[in-house]
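Please keep the sequence and the model in view while reading.

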Amino acid sequence: MSGETCFGLLAAALVGLGLYGAIVHGDPLRRLLAFNLVGGGVFLLFGVIARRGATAGFGGDPVPQALVITGIIVAFAATALAVGLIVRLADLRGAPARGGDTPSAGAAGSARG
Amino acid sequence: MSAAFDAGLAVLLFGVAAWTVASRDRFAAVVGFVVYGSLLAVAWLRLHAPDVALTEAAIGSGLSGVLLLGAAARLRGGTEARRPAAGLRVLAAALAAAVAAGIGAVVLALPEPAPTLAPLAAEDLDATGLGNAVNAVLMAYRATDTLLEVVVLVLAVVGIWSLAPDARWGGRPWPRHEAAADGVLPFLARALTPVGVVAAVYLLWVGADAPGGGFQGGTVLAALWLLVVLAGLLDAPATSGKRLRLALLAGPAVFLAVGLAGILLAGSFLAYPPGWAKALILTIEFPKTFSIAVLLGLLLMGAPRRSDAA
């Protein structure tokens, strides 16, 4: 099995793992972590596709590589915003936050049904 | 040998990711995620993408790690006790496995020969004056994406500031860190800052022809700033400060100005007149790197928590 296929299958597995974590966890911070695992898997898939397109003296197709760099930074911005929301939510419920033992509002509550 | 390394790395990455999802403890999960980011950077090197590896190590692992560890520390108090019903977990696992299997099938069925834009990217590389094709994509071919990305960072900072209680609007994020006179942290901050600034400017400059670039350099600058604030040598900035807001906007403003000038001089938005590409890219890159450093630092510090005077 070539390196690209190996990392491609890993990317698929990471997306699955992250998806499972994002559904199963009640704690918003854990959901955020799981969501970032999905992001890592998607980026890795891009990297595999870039590597397969290696020609013209490049180690990989530079276009998807550049897109991934943009993606990593935008993902960080979104993560920082999500952390801000989570911390604010915990502050509003009374500091110190009590973690996942209180019923979560918003997205966490609706996904739980 | 290299195939064995790749397989081992993939198994390790999967194991760390599984730990991040399965761990009972929130803090342990964050630590798992940081390790995941570092290992992912190695995977990027194996995929011949050193620019992405640098970004992943600096942002995906480094800055994200600081951000998430800080959040986990603030949310301290009891790990999650609540676990969903077994039925839901089985259902979620089945769904996740189906999605992963679908993507895996696509990976195994990728077209041969692989489609690629590399020859096109190589064709016009000389016109951009750059030797690093990834940065040519970021700063020339797809410069609009990069401009919008910096705008996204500004919007995220505005979003985070908006989460402050009314009384704290315009105040300072983070608690005031007091410098211990003989502490290790102030010493580190003093010793590392000059070296780090040189490294950041080097990364920015060398990005034209080698792995590196504005984002990586900006991340190093942001990390240095955070270190200096954590060491208590500088206070976190008042978010109402005029100079701070100017620093935030300098990068996107110059970027936009060069883009608009392109309409007049070269016929379309963000087009560079022949022969001027490298000079204009550097004109954009320096203020952009500075703004990115400030933006990333502010993203990490979060919403204002105390009044300006404190």
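## Confidence in the model

The structure is a predicted model. For chain A, the mean pLDDT is 80, and 81% of the residues reach 70 or more.

One stretch of chain A calls for caution. Over residues 97-113 of chain A, pLDDT stays under 50, and the model has 30 contacts beyond four places in sequence for this stretch.

## Chain B as a whole

Chain B contains twelve helices and zero strands. Its pattern along the sequence is accordingly written α-α-α-α-α-α-α-α-α-α-α-α. The C-alpha atoms of chain B fill a box of roughly 65 × 60 × 40 Å along the principal axes.

Chain B has 310 residues, of which 41% are buried. Among the contacts in chain B with a separation of 6 or more, 73% are between residues 24 or more positions apart.

## Two partners of helix α12(B)

Helix α10 of chain B, residues 214-230, has an axis that comes within 8 Å of the axis of α12(B), and the two cross at roughly 45°. By class, the contact of α10(B) with α12(B) has nine nonpolar, six polar and two charged residues.

Helix α8 of chain B, residues 143-161, is another partner of α12(B): the axes come within 10 Å and cross at roughly 30°. An angle under 35 degrees counts as roughly parallel, so α8(B) is roughly parallel to α12(B). The crossing of α8(B) and α12(B) is left-handed. In this contact, α8(B) supplies V150(B), L153(B), V154(B), A156(B), V157(B) and I160(B), and α12(B) supplies K288(B), S291(B), I292(B), L295(B), L298(B) and L299(B). The residues of the contact of α8(B) with α12(B) comprise ten nonpolar, one polar and one charged.

## Two loop residues with positive phi

Most residues other than glycine have a negative phi. Against this background, two residues of chain B deserve attention. H48(B) is not a glycine, yet it has a positive phi of about 60°. H48(B) belongs to the loop between α2 (26-46) and α3 (50-74) of chain B.

Is L270(B) buried or exposed? L270(B) is buried, because 23 other C-beta atoms lie within 10 Å, and 20 or more are enough for that class.

## The contact between chains A and B

Chain A contributes 71 residues to the contact, and chain B contributes 83 residues. On the side of chain A that touches chain B, the elements giving two or more residues are α1 (3-24), α2 (28-52) and α3 (62-92) of chain A. Which of them gives the most? It is α3(A), with 22 residues. By class, this side of chain A has 43 nonpolar, 20 polar and eight charged residues.

One helix pair illustrates how the chains meet. The axes of α1(A) and helix α4 of chain B, residues 86-108, come within 8 Å and cross at roughly 155°. An angle over 145 degrees counts as roughly antiparallel, and α1(A) and α4(B) are therefore roughly antiparallel to each other. α1(A) passes α4(B) in a right-handed crossing. Among the residues that meet are T5(A), G8(A), L9(A) and A12(A) in α1(A), and R89(B), A92(B), A93(B) and A96(B) in α4(B). The contact of α1(A) with α4(B) consists of 17 nonpolar, four polar and one charged residue.

Methods. Residues are numbered from 1 along each chain as its sequence is written. Chains are lettered from A and ligands numbered from 1 in the order in which they are written. This is a predicted model: local features need pLDDT of at least 70, side-chain atom pairs count only at pLDDT 80 or more; totals for chains, interfaces and linings use all residues. Two residues are in contact if their C-beta atoms, placed from the backbone, lie within 7 Å. Helices (H or I, at least four residues) and strands (E, at least two) are DSSP runs, numbered from the N terminus. Ala, Val, Leu, Ile, Met, Phe, Trp, Tyr, Cys and Pro count as nonpolar, Asp, Glu, Lys and Arg as charged, and the others, Gly among them, as polar. A residue is buried if 20 or more other C-beta atoms lie within 10 Å of its own, exposed if 12 or fewer, and partly exposed in between; C-beta atoms are placed from the backbone. Axes are lines fitted to C-alpha atoms, for helices over the stretch in contact, and angles run from 0 to 180 degrees between N-to-C directions. Angles under 35 degrees count as roughly parallel, over 145 as roughly antiparallel, 65 to 115 as roughly perpendicular and the rest as oblique. A crossing is left-handed if the near helix is turned anticlockwise from the far one by less than a right angle, and right-handed if clockwise. pLDDT is the predictor's confidence in each residue, from 0 to 100.
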